[in-house]
Amino acid sequence: MNASVSIVVATFDRPADLRECLTHLVAQQTRNDVEIIVVDNHPDSSLTPPVVADFPEVKLVTEPRRGLAYARNRGFLASHGEIVIATDDDVIAPADWLEKLLAPFANPDVMIVTGNVLPWRLETKAQRLFETYGGLGRGNKKKIVNGDWFRQCNTAVPTWSLGATANASFRASIFHHPQIGLMDEALGPGMPSGVGEDTYIFYKVLQAGCSIVYEPEAWVWHKHRHDMPALRRQIFNYSKGHVAYHLTTLLRDGDWRALINLAVLLPATHFRRALKRLLGRSEYPLSFILLEAAGNLIGPWALWKSRQRVRREGRSETWKRHDAPEAPK
């Protein structure tokens, strides 16, 4: 597919990772016009500008309000591409990644394409445990889902099975669609809620009747947390964010299917994991299962704290790009 493309990389004080990420992004083999935007989510540290300065083709913008959704939205607002791609500073993309990620957009009904996320290394116990937990990969089978799939789900819509914004692309028009818009800034890393900004925008796109494609051939490598304290923080945030996502669909969208997951399926998942561990059929530690449960329990409070913070710091402005493509019908 031929289209103008914007790649948005949000970063928070990881200059070495960012340098490696950008080295691979500028080396993409593509026929498309591409702009790369780095969003510095901690400009006071001054760690990011020297890295970006070594890549003249890369644009630097700042977002002092801490939070991945704030940073991603700042990058989306600064972008000019018909397709906007989100990735992370700890991601390494092979040279043919961009073309594979863009290909499904040849279908005009497709609004989001996600790709697989594979571990860069599995050298430490923490890196291996993250894969046991579930990792970021979503398998080798291509998925195409739409509004029908959204409505046919008997329980909460499992948007987490469709990929993550470490490797995701968006038709730019969704960001000013009245039913979709920018990412929810009360969700995601950097906020008390932990994660959920990606799963919720997937939810809104499907709710609007649009299609999402998971394309496993468009894979990237991800640098997993290498030590146990960092992994514990990550899983605790994931557990808070999972509940925050469900509560958002319940309270904002009136989707009562969330209650089935919160009251029944989530506790059952913890019970099955604990039983497998006790029977010696899993290496996943009981301490991590308890950590997940604790994160789930604090999820409602974390979401409330996040919403309070967004009320204080404000939301990103409504997208008013005059050159933006027509929104999906």
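Two residues are in contact here when heavy atoms of theirs lie within 4.5 Å. With that in hand, take His270: leaving aside neighbours within four places in sequence, His270 is in contact with Ile289, Glu292, Ala293 and Asn296. His270 lies in helix α9; helices are DSSP runs of H or I with at least four residues, strands are runs of E with at least two, and both are numbered from the N terminus. Is His270 buried or exposed? His270 is buried, with a relative accessible area of 13%, where buried means under 20%, exposed means over 50% and partly exposed is in between (1.4 Å probe, protein chains only). From His270 to Gly299 it is 29 residues in sequence and 16 Å in space, C-alpha to C-alpha.

**What kind of model this is**

This is a predicted model, so local features need pLDDT of at least 70 and side-chain atom pairs count only at pLDDT 80 or more, while totals for chains, interfaces and linings use all residues. Residues are numbered from 1 along each chain as its sequence is written, and side-chain values use heavy atoms, with hydrogens and water left out. The pLDDT score is the predictor's confidence in each residue, from 0 to 100. Here the protein averages 95, and 96% of the residues score at least 70. Residues 319–329 are where pLDDT stays under 50, and the model has 23 contacts beyond four places in sequence for that stretch.

Which residues of α5 are buried? Ala126, Gln127, Leu129, Phe130 and Tyr133 are. They cover an arc of only 165° around the axis, so they sit on the same side of α5; the arc is that of the directions from the helix axis to the C-beta atoms. The cover over the buried residues of α5 includes α8 (228–253), α9 (257–278) and α10 (286–313).

Now for the rings. Rings of Phe, Tyr and Trp (its six-membered ring) pair if their centres lie within 6.5 Å; planes under 30 degrees apart count as stacked, over 60 as edge-to-face, and the rest as tilted. A search of the whole structure turns up 14 aromatic pairs. One of them joins Phe130 and Tyr133, a stacked pair with 6.1 Å centre to centre and 20° between the planes. Both residues lie in α5 (residues 125–133), three residues apart, which is about one turn of the helix. Ring pairs also link Phe130 and Tyr133 with Tyr238, Tyr284 and Phe288 into a cluster.

A charge sits over a ring if NZ of Lys or CZ of Arg is within 6 Å of the ring centre and within 35 degrees of the ring normal. Here are two such cases:

| Charged residue | Ring | Distance to ring centre |
|---|---|---|
| Lys143 | Tyr214 | 5.7 Å |
| Arg273 | Tyr284 | 4.6 Å |

**Two nonpolar cores**

In soluble globular proteins, nonpolar side chains tend to be buried together. A nonpolar core is a set of buried Ala, Val, Leu, Ile, Met, Phe, Trp, Tyr and Cys residues joined through side-chain atoms within 4.5 Å. The largest one has 45 residues, and Phe76, Phe170, Ile174, Phe175, Ile201, Val205 and Ile212 touch the most other members. Helix α7 (residues 197–207) gives the most to this core, with six residues. Apart from it lies another core, of 44 residues, among them Leu18, Leu101, Phe130 and Ala274.

Ile180 is in the loop between β8 (167–171) and α7, and is buried with a relative accessible area of 10%. Beyond its neighbours within four places in sequence, Ile180 is in contact with Ile174, Ile201, Lys204, Val205 and Ala208. Ile180 and Phe202 are 22 residues apart in sequence and 9.2 Å apart in space, C-alpha to C-alpha.

Over in helix α8 you'll find Thr249, buried with a relative accessible area of 2%. Not counting residues up to four places away in sequence, Thr249 touches Tyr200, Tyr203, Gly254, Asp255 and Ala258.

**Two loop residues with positive phi**

Asp13 is not a glycine, yet its phi is positive, near 60°. Asp13 is found in the loop between β1 (5–11) and α1 (15–25), and counts as partly exposed at 23% relative accessibility. Ser46, also not a glycine, has a positive phi of about 60°. The loop between β2 (34–40) and α2 (49–53) holds Ser46, which counts as partly exposed at 46% relative accessibility.
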